[in-house]
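Visitor: I'm new to this one. Could you walk me through it?

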Amino acid sequence: MRNSSMGSFGNADRTAPTNGGSAPLVDKEVDFAQYFCTYAFLYHQKEMLSDRVRMDAYFNAVFKNKHHFQGKTVLDVGTGSGILAIWSAQAGARKVYAVEATKMAEHARALVKSNGLENVVEVIEGSMEEVTLPEKVDVIISEWMGYFLLRESMFDSVICARDRWLKPTGVMYPSHARMWLAPIRSGLVDKKWTEYEGAMDDWYGFVDDTKTSYGVDMSVLTNHFDEEQRRYYLQTSLWNNLHPHQVIGAAAIIKEIDCLTATVADVLNVRANLTSIITLPNTRLCGFGGWFDVHFRGRKEDPSQQDIELTTAPSTEDSTHWGQQVFLLNPPIHVSEGDDLDIVFAMDRAKENHRLMEVELGCKIRMSSGTPMPPFSKKFHIE
(Lines give C-alpha, C1' and ligand atoms only; values in the text may rest on other atoms or scores of the structure.)
Protein backbone atom coordinates (compact mmCIF):
# COMPACT_ATOMS: atom_id res chain seq x y z
CA MET A 1 0.00 0.00 0.00
CA ARG A 2 1.18 3.49 -0.68
CA ASN A 3 2.50 5.47 2.22
CA SER A 4 0.20 8.41 1.64
CA SER A 5 -3.58 8.51 1.74
CA MET A 6 -4.89 9.79 -1.55
CA GLY A 7 -8.34 10.85 -2.52
CA SER A 8 -8.80 14.60 -2.72
CA PHE A 9 -8.15 17.30 -5.26
CA GLY A 10 -5.94 18.83 -2.67
CA ASN A 11 -5.08 18.61 0.92
CA ALA A 12 -8.52 17.74 2.07
CA ASP A 13 -9.87 19.64 5.02
CA ARG A 14 -10.19 16.56 7.17
CA THR A 15 -9.92 17.52 10.81
CA ALA A 16 -11.77 15.58 13.45
CA PRO A 17 -15.44 16.55 13.64
CA THR A 18 -16.73 18.83 16.35
CA ASN A 19 -20.17 17.30 16.32
CA GLY A 20 -20.75 16.39 19.92
CA GLY A 21 -18.56 13.32 19.90
CA SER A 22 -20.25 11.33 17.17
CA ALA A 23 -16.80 10.31 15.93
CA PRO A 24 -13.49 9.79 17.75
CA LEU A 25 -11.57 13.00 18.32
CA VAL A 26 -7.82 13.34 18.17
CA ASP A 27 -5.48 16.13 19.18
CA LYS A 28 -5.55 18.67 16.35
CA GLU A 29 -1.76 19.08 16.14
CA VAL A 30 -1.24 15.30 16.10
CA ASP A 31 -3.93 14.90 13.45
CA PHE A 32 -2.30 17.60 11.32
CA ALA A 33 1.11 15.93 11.57
CA GLN A 34 -0.26 12.46 10.79
CA TYR A 35 -2.64 13.35 8.01
CA PHE A 36 -2.55 16.83 6.52
CA CYS A 37 1.18 17.21 5.95
CA THR A 38 1.29 14.83 2.98
CA TYR A 39 -1.27 16.89 1.11
CA ALA A 40 0.76 20.07 1.59
CA PHE A 41 3.37 18.99 -0.97
CA LEU A 42 3.02 19.69 -4.68
CA TYR A 43 4.42 16.27 -5.65
CA HIS A 44 1.40 14.69 -4.00
CA GLN A 45 -0.97 17.14 -5.63
CA LYS A 46 0.58 16.30 -8.99
CA GLU A 47 0.07 12.58 -8.49
CA MET A 48 -3.61 13.08 -7.73
CA LEU A 49 -4.11 15.57 -10.55
CA SER A 50 -2.53 13.11 -12.99
CA ASP A 51 -5.36 10.62 -12.44
CA ARG A 52 -7.25 11.11 -15.71
CA VAL A 53 -10.30 9.08 -14.69
CA ARG A 54 -10.71 11.25 -11.62
CA MET A 55 -10.01 14.50 -13.43
CA ASP A 56 -12.30 13.73 -16.36
CA ALA A 57 -15.18 12.79 -14.07
CA TYR A 58 -15.07 16.05 -12.11
CA PHE A 59 -14.43 18.14 -15.22
CA ASN A 60 -17.43 16.61 -17.00
CA ALA A 61 -19.58 16.84 -13.88
CA VAL A 62 -19.00 20.60 -13.71
CA PHE A 63 -19.02 21.58 -17.38
CA LYS A 64 -21.84 19.29 -18.48
CA ASN A 65 -24.01 20.61 -15.66
CA LYS A 66 -23.26 24.33 -15.85
CA HIS A 67 -26.80 25.18 -14.78
CA HIS A 68 -25.81 24.21 -11.24
CA PHE A 69 -22.94 26.73 -11.28
CA GLN A 70 -23.92 29.70 -13.40
CA GLY A 71 -24.55 32.71 -11.16
CA LYS A 72 -24.34 30.51 -8.05
CA THR A 73 -22.24 30.44 -4.89
CA VAL A 74 -19.95 27.42 -4.46
CA LEU A 75 -17.99 25.97 -1.53
CA ASP A 76 -14.99 23.76 -2.35
CA VAL A 77 -14.13 21.67 0.72
CA GLY A 78 -10.43 20.78 0.77
CA THR A 79 -9.48 22.75 -2.32
CA GLY A 80 -5.80 21.78 -2.39
CA SER A 81 -4.38 23.16 -5.63
CA GLY A 82 -7.71 24.93 -6.23
CA ILE A 83 -8.62 23.27 -9.50
CA LEU A 84 -12.23 22.45 -8.56
CA ALA A 85 -12.74 26.04 -7.45
CA ILE A 86 -11.26 27.28 -10.73
CA TRP A 87 -13.52 24.99 -12.77
CA SER A 88 -16.53 26.17 -10.79
CA ALA A 89 -15.66 29.77 -11.60
CA GLN A 90 -15.04 28.95 -15.25
CA ALA A 91 -18.47 27.31 -15.37
CA GLY A 92 -20.02 30.63 -14.35
CA ALA A 93 -20.15 30.68 -10.55
CA ARG A 94 -20.70 34.12 -9.06
CA LYS A 95 -18.57 33.36 -6.00
CA VAL A 96 -16.45 30.40 -4.93
CA TYR A 97 -15.13 29.84 -1.40
CA ALA A 98 -12.17 27.46 -1.52
CA VAL A 99 -11.33 26.17 1.96
CA GLU A 100 -7.94 24.55 2.55
CA ALA A 101 -6.42 23.42 5.85
CA THR A 102 -2.74 23.67 4.93
CA LYS A 103 -0.21 26.02 3.38
CA MET A 104 -1.22 24.55 0.03
CA ALA A 105 -3.73 27.40 0.22
CA GLU A 106 -0.89 29.74 -0.81
CA HIS A 107 -0.33 27.74 -4.01
CA ALA A 108 -4.07 27.65 -4.68
CA ARG A 109 -4.27 31.43 -4.25
CA ALA A 110 -1.40 31.90 -6.71
CA LEU A 111 -3.03 29.54 -9.22
CA VAL A 112 -6.36 31.33 -8.96
CA LYS A 113 -4.68 34.69 -9.54
CA SER A 114 -2.62 33.45 -12.49
CA ASN A 115 -5.86 32.29 -14.12
CA GLY A 116 -7.47 35.69 -13.61
CA LEU A 117 -10.16 34.49 -11.20
CA GLU A 118 -9.18 36.22 -7.96
CA ASN A 119 -12.35 38.33 -8.08
CA VAL A 120 -14.49 35.18 -8.06
CA VAL A 121 -12.52 32.58 -6.08
CA GLU A 122 -11.62 33.33 -2.48
CA VAL A 123 -9.13 30.88 -0.96
CA ILE A 124 -9.57 30.52 2.80
CA GLU A 125 -6.87 28.78 4.83
CA GLY A 126 -8.40 26.99 7.80
CA SER A 127 -10.37 24.06 9.07
CA MET A 128 -13.81 23.54 7.55
CA GLU A 129 -15.15 23.02 11.04
CA GLU A 130 -13.88 26.44 12.13
CA VAL A 131 -14.09 28.83 9.16
CA THR A 132 -16.96 31.28 8.81
CA LEU A 133 -18.40 32.19 5.42
CA PRO A 134 -20.28 35.41 4.72
CA GLU A 135 -23.19 33.56 3.09
CA LYS A 136 -24.82 30.22 2.43
CA VAL A 137 -23.89 28.42 -0.79
CA ASP A 138 -25.78 26.77 -3.65
CA VAL A 139 -23.22 24.05 -4.32
CA ILE A 140 -20.72 22.11 -2.24
CA ILE A 141 -18.05 20.42 -4.33
CA SER A 142 -15.36 18.22 -2.85
CA GLU A 143 -13.24 15.22 -3.67
CA TRP A 144 -13.35 13.59 -0.27
CA MET A 145 -13.02 9.92 -1.16
CA GLY A 146 -10.22 7.87 0.39
CA TYR A 147 -9.17 4.27 -0.13
CA PHE A 148 -12.28 2.07 -0.14
CA LEU A 149 -14.26 5.32 -0.01
CA LEU A 150 -14.28 6.01 3.73
CA ARG A 151 -10.64 5.67 4.76
CA GLU A 152 -9.42 9.11 5.92
CA SER A 153 -12.87 10.10 7.29
CA MET A 154 -12.92 13.30 5.23
CA PHE A 155 -16.62 12.89 4.59
CA ASP A 156 -17.13 14.12 8.16
CA SER A 157 -15.88 17.56 7.11
CA VAL A 158 -18.11 17.58 4.04
CA ILE A 159 -21.12 16.76 6.23
CA CYS A 160 -20.13 19.57 8.58
CA ALA A 161 -19.86 22.00 5.64
CA ARG A 162 -23.22 20.88 4.29
CA ASP A 163 -25.01 21.27 7.62
CA ARG A 164 -23.52 24.70 8.25
CA TRP A 165 -23.41 26.33 4.83
CA LEU A 166 -25.55 24.63 2.16
CA LYS A 167 -28.82 26.32 1.25
CA PRO A 168 -31.98 24.19 1.63
CA THR A 169 -32.16 24.05 -2.17
CA GLY A 170 -28.44 23.35 -2.63
CA VAL A 171 -26.73 20.45 -4.39
CA MET A 172 -23.78 18.24 -3.52
CA TYR A 173 -20.97 17.33 -5.96
CA PRO A 174 -20.78 14.33 -5.83
CA SER A 175 -24.33 13.60 -4.78
CA HIS A 176 -24.19 9.83 -4.19
CA ALA A 177 -21.61 7.15 -3.37
CA ARG A 178 -21.53 3.36 -3.20
CA MET A 179 -19.15 0.75 -1.76
CA TRP A 180 -18.74 -2.60 -3.52
CA LEU A 181 -17.28 -6.02 -2.63
CA ALA A 182 -16.56 -9.06 -4.84
CA PRO A 183 -14.75 -12.41 -4.48
CA ILE A 184 -11.36 -12.49 -6.21
CA ARG A 185 -8.40 -14.69 -7.12
CA SER A 186 -4.88 -13.33 -6.72
CA GLY A 187 -1.30 -14.53 -6.59
CA LEU A 188 -0.76 -12.03 -3.79
CA VAL A 189 -2.15 -14.56 -1.33
CA ASP A 190 0.82 -16.88 -1.96
CA LYS A 191 3.30 -14.00 -2.04
CA LYS A 192 2.20 -12.64 1.31
CA TRP A 193 2.26 -16.08 2.94
CA THR A 194 5.80 -16.65 1.64
CA GLU A 195 6.88 -13.25 2.98
CA TYR A 196 5.36 -14.04 6.38
CA GLU A 197 7.13 -17.41 6.54
CA GLY A 198 10.39 -15.74 5.53
CA ALA A 199 10.05 -13.18 8.30
CA MET A 200 9.47 -15.93 10.86
CA ASP A 201 12.40 -18.01 9.59
CA ASP A 202 14.59 -14.94 9.92
CA TRP A 203 13.35 -14.47 13.49
CA TYR A 204 14.18 -18.06 14.48
CA GLY A 205 17.67 -17.60 13.06
CA PHE A 206 18.00 -14.35 15.00
CA VAL A 207 16.93 -16.07 18.24
CA ASP A 208 19.45 -18.88 17.76
CA ASP A 209 22.27 -16.49 16.87
CA THR A 210 21.57 -14.19 19.82
CA LYS A 211 21.57 -17.10 22.25
CA THR A 212 24.75 -18.61 20.78
CA SER A 213 26.70 -15.37 20.39
CA TYR A 214 25.48 -13.34 23.36
CA GLY A 215 23.98 -15.78 25.83
CA VAL A 216 20.48 -14.26 25.80
CA ASP A 217 17.42 -16.36 24.96
CA MET A 218 14.94 -14.19 23.02
CA SER A 219 12.40 -16.97 22.38
CA VAL A 220 9.98 -15.60 24.98
CA LEU A 221 9.20 -12.83 22.45
CA THR A 222 8.46 -15.19 19.56
CA ASN A 223 4.68 -15.11 19.96
CA HIS A 224 4.66 -11.31 20.05
CA PHE A 225 6.85 -11.12 16.95
CA ASP A 226 4.57 -13.61 15.21
CA GLU A 227 1.53 -11.44 16.02
CA GLU A 228 3.27 -8.40 14.51
CA GLN A 229 4.19 -10.24 11.32
CA ARG A 230 0.75 -11.78 10.93
CA ARG A 231 -0.81 -8.34 11.24
CA TYR A 232 1.57 -6.86 8.68
CA TYR A 233 1.60 -9.63 6.08
CA LEU A 234 -1.70 -11.47 6.57
CA GLN A 235 -4.17 -9.14 8.26
CA THR A 236 -3.53 -5.79 6.56
CA SER A 237 -5.54 -5.10 3.43
CA LEU A 238 -3.56 -4.26 0.30
CA TRP A 239 -3.77 -1.53 -2.29
CA ASN A 240 -3.94 -3.17 -5.72
CA ASN A 241 -5.09 -2.57 -9.28
CA LEU A 242 -7.06 -5.72 -9.96
CA HIS A 243 -7.63 -7.00 -13.49
CA PRO A 244 -11.32 -7.67 -14.19
CA HIS A 245 -10.43 -11.34 -14.81
CA GLN A 246 -9.40 -11.59 -11.17
CA VAL A 247 -12.99 -11.00 -10.09
CA ILE A 248 -14.49 -14.50 -9.83
CA GLY A 249 -18.02 -13.69 -8.69
CA ALA A 250 -20.82 -11.17 -8.71
CA ALA A 251 -20.04 -7.84 -7.05
CA ALA A 252 -22.43 -6.68 -4.32
CA ILE A 253 -23.15 -3.26 -2.85
CA ILE A 254 -22.01 -2.85 0.75
CA LYS A 255 -23.39 0.62 1.30
CA GLU A 256 -25.11 3.45 -0.55
CA ILE A 257 -24.70 7.05 0.57
CA ASP A 258 -26.84 10.06 -0.27
CA CYS A 259 -24.45 12.95 0.32
CA LEU A 260 -27.34 15.34 0.83
CA THR A 261 -28.79 13.49 3.82
CA ALA A 262 -26.07 11.21 5.24
CA THR A 263 -24.86 11.80 8.80
CA VAL A 264 -21.57 10.97 10.49
CA ALA A 265 -23.39 8.20 12.36
CA ASP A 266 -24.34 6.65 9.01
CA VAL A 267 -20.68 6.12 8.06
CA LEU A 268 -19.17 5.59 11.49
CA ASN A 269 -19.96 1.87 11.45
CA VAL A 270 -20.68 0.09 8.18
CA ARG A 271 -22.60 -3.19 8.37
CA ALA A 272 -23.87 -5.37 5.53
CA ASN A 273 -25.07 -8.88 4.74
CA LEU A 274 -24.19 -9.70 1.14
CA THR A 275 -24.60 -12.55 -1.30
CA SER A 276 -22.49 -13.45 -4.29
CA ILE A 277 -22.19 -16.39 -6.66
CA ILE A 278 -18.98 -17.76 -8.15
CA THR A 279 -18.97 -17.35 -11.93
CA LEU A 280 -15.79 -19.24 -12.87
CA PRO A 281 -15.22 -23.03 -12.85
CA ASN A 282 -12.54 -24.63 -10.67
CA THR A 283 -10.80 -21.57 -9.26
CA ARG A 284 -9.44 -20.32 -5.95
CA LEU A 285 -11.20 -17.89 -3.66
CA CYS A 286 -8.16 -15.91 -2.55
CA GLY A 287 -10.07 -13.10 -0.86
CA PHE A 288 -12.29 -10.13 -1.60
CA GLY A 289 -11.77 -6.90 -3.51
CA GLY A 290 -13.44 -3.67 -2.44
CA TRP A 291 -13.97 -0.49 -4.46
CA PHE A 292 -16.35 2.46 -4.76
CA ASP A 293 -18.11 4.72 -7.21
CA VAL A 294 -19.62 8.18 -6.91
CA HIS A 295 -22.26 9.95 -9.01
CA PHE A 296 -23.08 13.56 -9.81
CA ARG A 297 -26.87 13.62 -10.02
CA GLY A 298 -27.81 16.87 -8.32
CA ARG A 299 -30.94 16.54 -6.21
CA LYS A 300 -34.44 15.26 -6.97
CA GLU A 301 -35.85 18.80 -7.22
CA ASP A 302 -32.86 20.04 -9.25
CA PRO A 303 -31.30 17.11 -11.14
CA SER A 304 -28.12 17.13 -13.19
CA GLN A 305 -28.54 17.46 -16.92
CA GLN A 306 -26.03 14.65 -17.29
CA ASP A 307 -25.33 12.03 -14.63
CA ILE A 308 -21.57 11.55 -14.42
CA GLU A 309 -20.04 8.47 -12.76
CA LEU A 310 -16.58 8.08 -11.27
CA THR A 311 -15.82 4.41 -10.62
CA THR A 312 -12.78 2.71 -9.13
CA ALA A 313 -13.87 -0.78 -10.19
CA PRO A 314 -11.24 -3.13 -11.67
CA SER A 315 -10.48 -2.05 -15.22
CA THR A 316 -7.96 -2.76 -17.97
CA GLU A 317 -7.85 0.85 -19.20
CA ASP A 318 -9.45 3.15 -16.63
CA SER A 319 -7.57 2.39 -13.43
CA THR A 320 -7.34 5.09 -10.78
CA HIS A 321 -4.87 5.99 -8.05
CA TRP A 322 -7.40 4.62 -5.54
CA GLY A 323 -7.16 1.13 -7.04
CA GLN A 324 -8.97 -1.47 -4.98
CA GLN A 325 -8.64 -2.73 -1.43
CA VAL A 326 -7.79 -6.44 -1.32
CA PHE A 327 -8.62 -8.60 1.68
CA LEU A 328 -6.69 -11.89 1.36
CA LEU A 329 -7.60 -15.29 2.77
CA ASN A 330 -4.95 -17.70 4.02
CA PRO A 331 -5.23 -20.40 2.91
CA PRO A 332 -7.32 -19.79 -0.22
CA ILE A 333 -10.41 -21.93 -0.80
CA HIS A 334 -11.15 -24.00 -3.90
CA VAL A 335 -14.52 -22.99 -5.36
CA SER A 336 -16.40 -23.52 -8.58
CA GLU A 337 -19.08 -21.99 -10.74
CA GLY A 338 -22.43 -21.83 -9.00
CA ASP A 339 -21.10 -21.83 -5.43
CA ASP A 340 -23.03 -19.34 -3.29
CA LEU A 341 -21.37 -16.97 -0.81
CA ASP A 342 -23.16 -15.46 2.17
CA ILE A 343 -20.92 -12.62 3.37
CA VAL A 344 -21.10 -10.63 6.59
CA PHE A 345 -19.20 -7.34 6.42
CA ALA A 346 -18.38 -4.94 9.25
CA MET A 347 -16.13 -1.86 9.12
CA ASP A 348 -15.28 0.50 11.99
CA ARG A 349 -12.80 3.29 12.53
CA ALA A 350 -9.59 2.25 14.23
CA LYS A 351 -9.46 3.28 17.88
CA GLU A 352 -5.86 4.52 17.67
CA ASN A 353 -6.46 6.62 14.53
CA HIS A 354 -9.97 7.50 13.36
CA ARG A 355 -8.76 7.95 9.77
CA LEU A 356 -7.85 4.24 9.50
CA MET A 357 -10.30 1.35 9.38
CA GLU A 358 -10.84 -2.09 10.89
CA VAL A 359 -12.78 -4.65 8.84
CA GLU A 360 -14.23 -8.02 9.76
CA LEU A 361 -15.31 -10.36 6.96
CA GLY A 362 -17.30 -13.51 7.57
CA CYS A 363 -18.36 -15.93 4.86
CA LYS A 364 -20.40 -19.10 4.51
CA ILE A 365 -19.99 -21.01 1.24
CA ARG A 366 -22.74 -23.23 -0.11
CA MET A 367 -20.96 -25.49 -2.59
CA SER A 368 -22.94 -26.46 -5.69
CA SER A 369 -21.45 -29.94 -5.32
CA GLY A 370 -23.08 -30.30 -1.91
CA THR A 371 -19.72 -30.62 -0.14
CA PRO A 372 -20.02 -29.06 3.35
CA MET A 373 -17.80 -26.06 4.01
CA PRO A 374 -17.43 -24.56 7.50
CA PRO A 375 -17.98 -20.78 7.74
CA PHE A 376 -14.99 -18.55 8.43
CA SER A 377 -14.32 -15.04 9.70
CA LYS A 378 -11.24 -12.85 9.50
CA LYS A 379 -10.24 -9.39 10.65
CA PHE A 380 -8.28 -6.89 8.55
CA HIS A 381 -6.72 -3.47 8.97
CA ILE A 382 -6.98 -0.72 6.33
CA GLU A 383 -3.87 1.40 6.93
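Guide: A definition to begin with: two strands pair if DSSP finds at least two bridges between them. Helices (H or I, at least four residues) and strands (E, at least two) are DSSP runs, numbered from the N terminus. By that rule, strand S10 (residues 283–299) and strand S11 (residues 302–311) run antiparallel and are joined by 6 bridges.

Visitor: What sort of model is this?

Guide: This is a predicted model, in which local features need pLDDT of at least 70 and side-chain atom pairs count only at pLDDT 80 or more, while totals for chains, interfaces and linings use all residues. Residues are numbered from 1 along each chain as its sequence is written, and side-chain values use heavy atoms, with hydrogens and water left out.

Visitor: Back to S10 and S11. How many residues sit between them in the hairpin?

Guide: The S10–S11 hairpin has 2 residues between its strands. Asp293 stands opposite Thr311 in S11.

Visitor: And the whole chain, how many helices and strands?

Guide: There are 9 helices and 15 strands in the chain. Of its 383 residues, 55% are buried, where buried means under 20% relative accessible area, exposed over 50%, and partly exposed in between (1.4 Å probe, protein chains only).

Visitor: What share of the contacts join residues at least 24 apart?

Guide: Among contacts between residues at least 6 apart in sequence, the share is 78%. Contact means heavy atoms within 4.5 Å.

Visitor: How many bridges join S2 to S3?

Guide: Strand S2 (residues 95–100) runs parallel to S3, with 5 bridges joining them. Val99 has Ile124 in S3 as its bridge partner.

Visitor: New topic. What's the order of the antiparallel sheet with 4 strands?

Guide: The order in that open sheet is S9-S13-S14-S15. Strand S9 (269–277) and strand S15 (376–382) are the edges, each pairing on one side only. The twist averages 20 degrees from one strand to the next.

Visitor: What holds strands of a sheet together, in general?

Guide: They pair through backbone hydrogen bonds, either parallel or antiparallel.

Visitor: How many bridges are there between S13 and S14?

Guide: Strand S13 (residues 340–349) and strand S14 (residues 357–366) pair in the antiparallel sense over 10 bridges. Asp340 has Arg366 in S14 as its bridge partner, and Asp342 stands opposite Lys364. S9 and S13 also pair in the antiparallel sense, over 9 bridges, with Asn273 opposite Val344 in S13.

Visitor: Now H3 and H4. At what angle do their axes cross?

Guide: The axes of helix H3 (residues 52–63) and helix H4 (residues 83–90) cross at roughly 25 degrees and come within 9 Å. H3 and H4 are therefore roughly parallel to each other; angles under 35 degrees count as roughly parallel, over 145 as roughly antiparallel, 65 to 115 as roughly perpendicular and the rest as oblique.

Visitor: Which residues meet there?

Guide: Met55, Tyr58, Phe59, Val62 and Phe63 in H3 meet Ile83, Leu84, Trp87, Ser88 and Gln90 in H4.

Visitor: How many residues of H4 are buried?

Guide: In H4, 7 of the 8 residues are buried, including Ala85 and Ile86. After H4 comes Gly92, with a positive phi near 110 degrees.

Technical notes: Axes fitted to C-alpha atoms, helices over the stretch in contact; angles between N-to-C directions.
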